[in-house]
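Please look over the sequence and the 3D structure that follow, and keep both in view while you read the explanation below them.

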Amino acid sequence: MSPQSTATPAPLVVAASLVAIEGLLMIVLAVLELASLSSERVSLGLTTAGFFVVYGVGLALCAWALSRCRSWARSPVVLAQLIWLGMAWSLRGGDGPWASVALAVVAVVVLAGVLHPASIDALSDRPSEEG
């Protein structure tokens, strides 16, 4: 293999970077959820914050794996982006259409990066037959 073939392709780097930001965002949301705990909703607040932490750490782990061309990370990342697209769809009305557009754009960019031919080749378990 040539040294260039082991490099992480740019679309995959962009996707991994955005997934890392999504993971960080989920961890920040967990901290904000814990900061807003009230005595009326302790159980709901703790379970929500716990879910956000697990989801955020999982996304961060997948981002790290994508940046190192680990093929196992592709499926959870694609599933996560489909979830983000669903969240974008649910936010499309109301006071925050900008949030809907932001979520959708990031999810589509990540999907495009992960499903780009160069990324698919880099994440493939078998070596490329070209060159």
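A salt bridge is defined here as a side-chain nitrogen of Lys or Arg within 4 Å of a carboxyl oxygen of Asp or Glu. The structure holds one salt bridge, and the partners are Arg 41 and Glu 33, whose closest N and O atoms are 2.7 Å apart. To describe how covered such residues are, we call a residue buried when its relative accessible area is under 20%, exposed when the area is over 50%, and partly exposed in between, using a 1.4 Å probe and protein chains only. Arg 41 counts as partly exposed because its relative accessibility is 27%, whereas Glu 33 counts as buried because its value is 14%.

Before going further, note that this is a predicted model, in which local features need pLDDT of at least 70 and side-chain atom pairs count only at pLDDT 80 or more, while totals for chains, interfaces and linings use all residues. Residues are numbered from 1 along each chain as its sequence is written, and side-chain values use heavy atoms, with hydrogens and water left out.

Helices and strands are taken from DSSP runs numbered from the N terminus, a helix being H or I over at least four residues and a strand being E over at least two. By this rule the chain has five helices and zero strands. Along its principal axes, the C-alpha trace spans about 65 × 30 × 15 Å, and of the 131 residues in the chain, 29% are buried.

The expected span of a helix is 1.5 Å times one less than its number of residues. Helix α1 has 26 residues and should therefore span 38 Å, which agrees with the 37 Å between its end C-alpha atoms. Its buried residues include Leu 12, Val 19, Met 26 and Glu 33, and what covers the buried residues of α1 includes α2, α3, α4 and α5. Helix α4, with 18 residues at positions 97-114, reaches 26 Å from its first C-alpha to its last, close to the 26 Å expected. Among the buried residues of α4 are Leu 103, Val 110 and Val 114, and the buried residues of this helix pack against α1, α2, α3 and α5.

Which residues have the most contacts inside the largest nonpolar core? A nonpolar core is a set of buried Ala, Val, Leu, Ile, Met, Phe, Trp, Tyr and Cys residues joined through side-chain atoms within 4.5 Å. The largest one has 25 residues, and those with the most contacts inside it are Leu 59, Leu 66, Val 77 and Trp 84. The elements that give two or more residues to this core are α1, α2, α3 and α4, with α2 giving the most, eight residues. Contact means heavy atoms within 4.5 Å, and Val 77, leaving aside its neighbours within four places in sequence, is in contact with Val 19, Cys 62, Leu 66, Val 110 and Val 114.

Val 105, found in helix α4, is partly exposed because its relative accessible area is 47%. The C-alpha atoms of Val 105 and Leu 18 are separated by 11 Å, although these residues are 87 residues apart along the chain.

Finally, turn to the loop between α2 and α3, where Cys 69 lies. Cys 69 has a positive phi of about 60°, although it is not a glycine.
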